[in-house]
Structures are given as C-alpha cells and as structure tokens.
Amino acid sequence: MLLLTRCRRSLPELKLWTQFEKWFPERRCRGTLLYAGKGPHALMRYQTRFLLSALDEKHFPAPTVPEIAFLGRSNVGKSSLLNALVGEKAAKVSSTPGRTRAINFFQLSDEKERPKLVFSDLPGYGYAKISKSISAEWPKFIEPYLAERETLKLCVCLVDSNIPPQQSDGKLLEWLRHVGRDFLVVATKTDRLSGNVRTKNLAAIKHEFELDEVLAVSAKTNAGIKELWNRAAALEE
Ligand code: GDP
C-alpha cells in the first residue's frame, strides 16, 4: 500500500498548502501532488496526468497498471467528482468538446513517478431513451472496453442521490453483473440532502439495484472522497 502514506505535514503547513492551491490552481491542475481525504491523517499522494482521449479501441493505452472506470448519466456529477480526485485541469479535459464521447485516460503515479493506477472517464449516458443496449448513444467501443479490458479492475458507477433510482443506471449495473465486472455504486451530491432524506434515498438505491453497499459522496464537501481513494489504493499493485 505504497500510496496510503501518513502525512507528516503539520496542520499550519497543510493550511498553507490549501491556500497555495487557491493562489496557484494551475500547479494543482498539473497534478504535481494530489492530496486526497480530509484532515492531516492518512492522506494519499499521487501525481496525476492526463494520458489520452480514445475514440477507438486502437487508441487505448497499453494495459499496464490496474484501471478504474468512472461511469454515470450525464449531469450525475462525474466531472465534479473527477475534479475532486484528479484535479481541475485533468477533469476539464474530459468535458472539452470532442472529448465527451471519448474514453479519457489519466495516469496516477507515486512520488517517484512510478505508474500505479489508471482512471478512465467514460462518456455520460442517459440522454436518449435506452432500449436494447445499455445506452444506444454510447459509441461502439465502450461496451467492448468494459467487457474485455484486462486491466480494468473496478467500475465506479455514479448515481445521483437526489433523484429516484434511474432505469438507465439499473441497466448498466445489470449489464456489468452479466459481464462479471466488479463495480462500486457511488451516490453523488449527498450534501444537498438532509440526514433523513439522504438515508431514505440511499436505501432506495440499494434496494432498487440490489446492492450490499452504496458509497455516499459529495464533490462539494469532499464527503466520501477519502473512502473512494481507499478503494482505489486497495487496487494498486
Ligand atoms: P457531469 O455531467 O456528470 O460531469 O456532471 P457535473 O460534474 O458537470 O455536475 C452537474 C451539476 O451538478 C453541476 O451543476 C455541478 O455543480 C453539480 N454538482 C456536481 N457534484 C455536486 C456535489 O457534490 N454537490 C452539489 N451540491 N452539486 C454538485
């Protein structure tokens, strides 16, 4: 668990770092150092960099380190979550026109620049009516990627905690089960809900999609982000 490093920075140092990021966002964007989680303990450090946008199977990066795919309906909060995870600039790449239909790959390396993980950001789905396939509007190479990519270790499936469980999300999960992919359902925007409603909505998601767990996150408050990093780091080789 190379990346689960205990942070030896003092609190004032951390505060200074946070301020530094505000003043010089481009430094953080470059992902020179990414801090995950809140508070001075158990922070993870990654260097992150955008690898490429693939519009075809032949553009995929060579399979090397474990990969984690991020999936969700358009507007679920995927860019915001990736922003919280990999930094603003990288996340912005994914929403650049021309790249929203692509799979965008990010490489995460340790402090010695050894690649440890790859994140893949998949196009949002759910605008068009979904019929036979998971998503009629998804480019053709997406399903083979999810079904066959050998280094893909986990699909992080985002669902919006503010709305009732969606059929399109259900179809995706059903399909991932069918092809035998491990997935983690992450409920987004939980900061918008009060305690009771949040509990109720999370229970509805669990029930509807027959899940043992749902990870509640908020890109706004960073709730659940550390847990998500822990899941990611657990997959690291
Ligand atoms: P994407 O289409 O899945 O990439 O979704 P975005 O990340 O662009 O988010 C869609 C909308 O939801 C935007 O208006 C975001 O500001 C908002 N949003 C995303 N994540 C959160 C969150 O954690 N909390 C709140 N309150 N709003 C969020």
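Where does Glu210 lie? Glu210 sits in the loop between H7 and strand S8, the latter spanning residues 215-216. Its phi is near 55 degrees, a positive value in a residue other than glycine. With 66% relative accessibility, Glu210 counts as exposed, because the cut-off for that class is over 50%.

Lys189 belongs to the loop between S7 and H7. Its relative accessibility is 16%, so Lys189 counts as buried.

**The model as a whole**

Please keep in mind that this is a predicted model. The protein chain has an average pLDDT of 81, and 76% of the residues score at least 70. Over residues 1-33 pLDDT stays under 50, and the model has 56 contacts beyond four places in sequence for them. Where pLDDT is low, the predicted coordinates should not be read in detail.

In the protein chain there are eight helices and eight strands. Of its 237 residues, 48% are buried. Among the contacts in the chain with a separation of 6 or more, 72% are between residues 24 or more positions apart. The accessible surface of the protein chain is about 12,300 Å², and carbon and sulfur atoms account for 51% of that area.

**Aromatic residues**

How many aromatic pairs are there? The count comes to eight aromatic pairs. One of them joins Tyr46 and Trp229, whose ring centres are 4.6 Å apart and whose planes meet at 25 degrees, so this pair is stacked. Tyr46 belongs to strand S2 (residues 44-54) and Trp229 to helix H8 (residues 225-235), so the pair ties together parts that are 183 residues apart in sequence.

Are these two residues buried or exposed? Tyr46 has 0% relative accessibility and therefore counts as buried. Trp229 is buried as well, with a relative accessible area of 1%. Tyr46 and Trp229 also belong to one aromatic cluster together with Phe70 and Phe119.

**Around the ligand**

The ligand is surrounded by 14 residues, of which the closest are Asn75, Ser79, Ser80, Asp191 and Ala219.

On its own the ligand has 570 Å² of accessible area, and the protein covers 70% of it.

Asp191, one of the closest residues to the ligand, is worth a visit of its own. Asp191 is found in the loop between strand S7 (183-188) and helix H7 (195-208), and Lys189 is found in the loop between S7 and H7 too. At 28% relative accessibility, Asp191 counts as partly exposed, because that value falls between the 20% and 50% cut-offs.

Which residues does Asp191 touch, leaving aside those up to four places away in sequence? Asp191 touches Ser218, Lys220 and Thr221. With Ser218 there is also a polar contact of 2.7 Å between the two side chains. Asp191 and Ala223 are 32 residues apart in sequence, and their C-alpha atoms are 8.1 Å apart in space.

Finally, have a look at Gln107, which is part of strand S4 (residues 103-109). Its relative accessibility is 13%, so Gln107 counts as buried. Not counting residues up to four places away in sequence, Gln107 touches Gln47, Thr48, Arg49, Leu51, Pro115, Leu117 and Val118.

Terms used
Residues numbered from 1 in each chain as written. Predicted model: local features only at pLDDT ≥ 70, side-chain atom pairs only at ≥ 80, totals over all residues. Heavy atoms only, no water. pLDDT = per-residue confidence, 0-100. Contact = heavy atoms within 4.5 Å. Phe/Tyr/Trp six-rings, centres within 6.5 Å; stacked < 30°, edge-to-face > 60°. Helix = DSSP H or I, 4+ residues; strand = E, 2+ residues; numbered from the N terminus. Buried < 20%, exposed > 50% of the residue type's maximum accessible area, 1.4 Å probe, protein only. Near = heavy atom within 4 Å. Areas by Shrake-Rupley, 256 points an atom, 1.4 Å probe, with all protein chains shown as cover. Polar contact = N/O pair within 3.5 Å; in protein donor to acceptor, adjacent residues only side chain to side chain.
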